Amino acid sequence: MKILFYGTASYDKDSFNKELKSYPNIKIDFIETNLTPMTAALARGYDAVCAFVNADAGAMTLEILAGFGVKLVLMRCAGFDAVNVPVAKDLGMKVTRVPAYSPQAIAEHAMGLALCANRRIHKGYNRVRDNDFNLEGLVGETLYGKTAGIIGTGRIGAALCRICKGFGMKVLGSDLYPNMQLVEEGVVDEYVEYDELYRRSDLISLHAFLNEESRHMINDDSIAKMKDGVIFVNTGRGGLVDTQALIRGILSGKIGAAGLDVYDEEGPNVYQDRAGEIIDSVTSRLCSFPNVVMTSHQAFFTKEALGEIARVTLDNAQAFANGTDFVERSVVC
């Protein structure tokens, strides 16, 4: 089975090549070019393609791939909103994902962002580098005894709940499908509706799915319901947050600190080096605030996560080739 990997970096090659020896019937070619309608034709002669969260697997891309006989799209990520699933179904294509590669890694990064933004660690670091040991403007909030509101309590959200408990926080959960086992275990103190979570939480972290109902769930109205000075973290999906509303919340003081690994306008920037370009960037505006910390979609980025991504992706490729069962919860269509 031949697979063309789009949008690959050195770490993709390293992690997949390390696992590939266990899959002798699979051959991989890596290219740096991302998957788009303009590059889909490069997959001529391949059985499958593999892409990441920043790909464009829309209708035109899928139609071109199908025209060249590609039957399988392997997304080496959990999210699949880059794929036009109805079109893939119509074309008879199989689409898989990696449902959960490192919930702990993402949860740990979320708490790291919260701590850094809240305690202004990034500002203190830069000051000390310049031999400036002044503490003005660096005061934060103690998390012990405060309330954490976790929106989405799947594997990642549950992992963050456990971290927050370790900090001595009260934990509120909000989820369309509450996991009452977390309550029984004492990991979540109680499940509440969104509005109550906004009202009571000192720290809010997003781990919800992105769909039409959840898009821009964090907006002017929801921010207005939050506590003054709330610590806000998003390592979920950028589209969950209206960025301009977030900026207004920061300017008003409603949001006291923000840690962001994703944002709605990140598409052209994900994993790209644009340092030499002059661009009208929302990141420049956000990073101008002393109480905001941003990273580039790296919450998942650990050795353990990369290994799991490689194994699940290759397991699914092998299952497709052999006509056997795919990895549980990995089939999109």
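Guide: Start with one side chain. This is a predicted model. In it, the side chain of Ser-281 makes a polar contact with the side chain of Thr-283, at 2.3 Å.

Visitor: Where is the place of Ser-281?

Guide: Ser-281 sits in the loop between β11 and α11, the helix of residues 282-287.

Visitor: Is Ser-281 buried or exposed?

Guide: Buried means under 20% relative accessible area. Ser-281 has 13% relative accessibility, so it counts as buried.

Visitor: Let me try another residue. Where does Glu-19 lie?

Guide: Glu-19 is part of helix α1, which covers residues 10-20. Apply the cut-off again. The relative accessible area of Glu-19 is 15%, so Glu-19 is buried.

Visitor: Which residues does Glu-19 touch, leaving out those up to four places away in sequence?

Guide: Glu-19 touches Gly-307, Ala-310, Arg-311 and Leu-314.

Visitor: Now the sheet. What holds strands together in general?

Guide: Strands of a sheet pair through backbone hydrogen bonds, either parallel or antiparallel. Here, an open sheet has seven strands, and the pairing is parallel. Read across in the order β8-β7-β6-β9-β10-β11-β12.

Visitor: Which are the edge strands?

Guide: β8 (190-191) and β12 (292-294) are the edges, and each pairs on one side only.

Visitor: Which strands does helix α4 touch?

Guide: Helix α4 (residues 103-119) packs on the sheet and touches β9, β10 (230-234), β11 (255-260) and β12. The direction of α4 makes about 140° with that of β11.

Visitor: And which strands does helix α6 touch?

Guide: Helix α6 (residues 155-166) also packs on the sheet, touching β6, β7 (170-174) and β9. The direction of α6 makes about 175° with that of β6.

Visitor: How do the axes of α4 and α6 cross?

Guide: Check distance and angle. The two axes come within 8 Å and cross at roughly 50°. That angle is why α4 counts as oblique to α6. The crossing is right-handed.

Visitor: Which residues make the contact between α4 and α6?

Guide: On α4, look for Pro-103, Gln-104, Ile-106, Ala-107, Glu-108, Ala-110 and Met-111. On α6, look for Arg-155, Ile-156, Ala-159, Leu-160, Ile-163 and Cys-164.

Technical notes
Residues numbered from 1 in each chain as written. Predicted model: local features only at pLDDT ≥ 70, side-chain atom pairs only at ≥ 80, totals over all residues. Heavy atoms only, no water. Pairing = 2+ DSSP bridges. Helix = DSSP H or I, 4+ residues; strand = E, 2+ residues; numbered from the N terminus. Contact = heavy atoms within 4.5 Å. Axes fitted to C-alpha atoms, helices over the stretch in contact; angles between N-to-C directions. Buried < 20%, exposed > 50% of the residue type's maximum accessible area, 1.4 Å probe, protein only. Polar contact = N/O pair within 3.5 Å; in protein donor to acceptor, adjacent residues only side chain to side chain. Parallel < 35°, antiparallel > 145°, perpendicular 65-115°, else oblique. Left-handed = near helix turned anticlockwise from the far one by under 90°.
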